[in-house]
Amino acid sequence: MAIHGQTKNQYRALRAMAIESWELRSNQPIDEITPDSISHNQKKNDWPSLNTRICNCTACDLHVHRIQAVCGAGNVNADCLIIGEAPGAEEDGKGEPFVGPAGMLLNEMLSSIGLDRNVVFVANILKCRPPQNRDPSLTEIAKCLPYLEEQIALIDPKLIIAVGRIAAQSLLNSNQAIGRMRGEIYQYGKNHIPLVVTYHPAYLLRSPAQKAKSWNDLLLAHNILNQVN
Ligand code: URA
């Protein structure tokens, strides 16, 4: 009989030498363990390691000037994941996404469809602040996106709301203008997570006339969440 993959004699010999053997936590062969098959509790354990990797990341030059990386914040079991562009000065200082004026408007937008900021998870395409809040470069996006992909796999949300052009284009691998992307339900990734696009709250602060369109996008998001719950 095999114990933890060893024969009884090997097991006894290892025990006699006080060597503890490693044990697979599930009966599944290791090459069959996929992100989908990881249990809820095991998934939760991956957040600390992911956040540590993000906070120590030096994959692009943005790490040089950051005060801190902004991993994301909120409910790790959220139905709804909000994805913005990148931290600004205030987020860089506080280590939390969307805490400046755009964040205040984001909170209002969420509450208009009955979502408290604490029930959703908020993250960005980039985890570090681009200098002078310039647009992220394609290289920076490519280096940083795997972190967001891990976050999406861990949260496994029922809906993603991409706020702003950079988030929408990066997630949907598109060059389209945001005005043409909004108003539709997309499917993200192999789990076909519904994704809707809306204007960035910083843009809405500059162009309040567009708020009505954003309201329609939020209603679309609300309807999707109602259908899945
Ligand atoms: N704008 C974003 O896109 N993300 C933030 O976290 C703050 C401002």
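Predicted model: local features only at pLDDT ≥ 70, side-chain atom pairs only at ≥ 80, totals over all residues.

**Entry 1: the ligand and its contacts**

I began with His 200, where an N or O atom of the side chain is 2.8 Å from an oxygen atom of the ligand. I call this a polar contact, meaning a pair of N or O atoms within 3.5 Å; within protein, one must be able to donate a hydrogen and the other to accept it, and residues adjacent in sequence count only if both atoms are side-chain atoms. Taken alone the ligand exposes 230 Å², and the protein buries 90% of that (Shrake-Rupley areas with a 1.4 Å probe; for residues, only the protein chains shown count as cover).

Residues are numbered from 1 along each chain as its sequence is written, and side-chain values use heavy atoms, with hydrogens and water left out.

Next I checked the backbone. A polar backbone atom of Glu 85 is 2.7 Å from an oxygen atom of the ligand, and one of Ala 86 is 3.0 Å from a ligand nitrogen.

**Entry 2: the shell**

Which residues surround the ligand? I listed Gly 84, Glu 85, Ala 86, Glu 91, Pro 97, Phe 98, Asn 124 and His 200, each with a heavy atom within 4 Å of the ligand. By class I get 3 nonpolar, 3 polar and 2 charged residues; Ala, Val, Leu, Ile, Met, Phe, Trp, Tyr, Cys and Pro count as nonpolar, Asp, Glu, Lys and Arg as charged, and the others, Gly among them, as polar.

**Entry 3: two shell residues in a loop**

I looked up Pro 97 and found it in the loop between helix 5 (89–94) and helix 6 (101–112). Phe 98 lies in the loop between helix 5 and helix 6 too. Helices here are DSSP runs (H or I, at least four residues), strands likewise (E, at least two), numbered from the N terminus.

Buried or exposed? Pro 97 is buried because its relative accessible area is 1%, and Phe 98 counts as buried at 6%. My cut-offs: buried is under 20% relative accessible area, exposed over 50%, partly exposed in between (1.4 Å probe, protein chains only).

I also took two C-alpha distances. Pro 97 and Lys 127, 30 residues apart along the chain, are separated by 9.0 Å. Phe 98 and Asn 124, 26 residues apart, are separated by 9.1 Å.

**Entry 4: Gln 169 and Gln 176**

I found Gln 169 in helix 8 (residues 165–172), buried at 15% relative accessible area. A polar atom of its side chain lies 2.8 Å from the backbone oxygen of Gln 176, and the side chain of Gln 169 also reaches the backbone oxygen of Asn 175 at 3.4 Å.

I then moved to Gln 176, in the loop between helix 8 and helix 9 (178–181). Gln 176 is partly exposed, at 36%. From Gln 176 to Arg 165, 11 residues away in sequence, the C-alpha distance is 8.6 Å.

Most residues other than glycine have a negative phi. Gln 132 is exposed at 71%, whereas Asn 133 is partly exposed at 44%.
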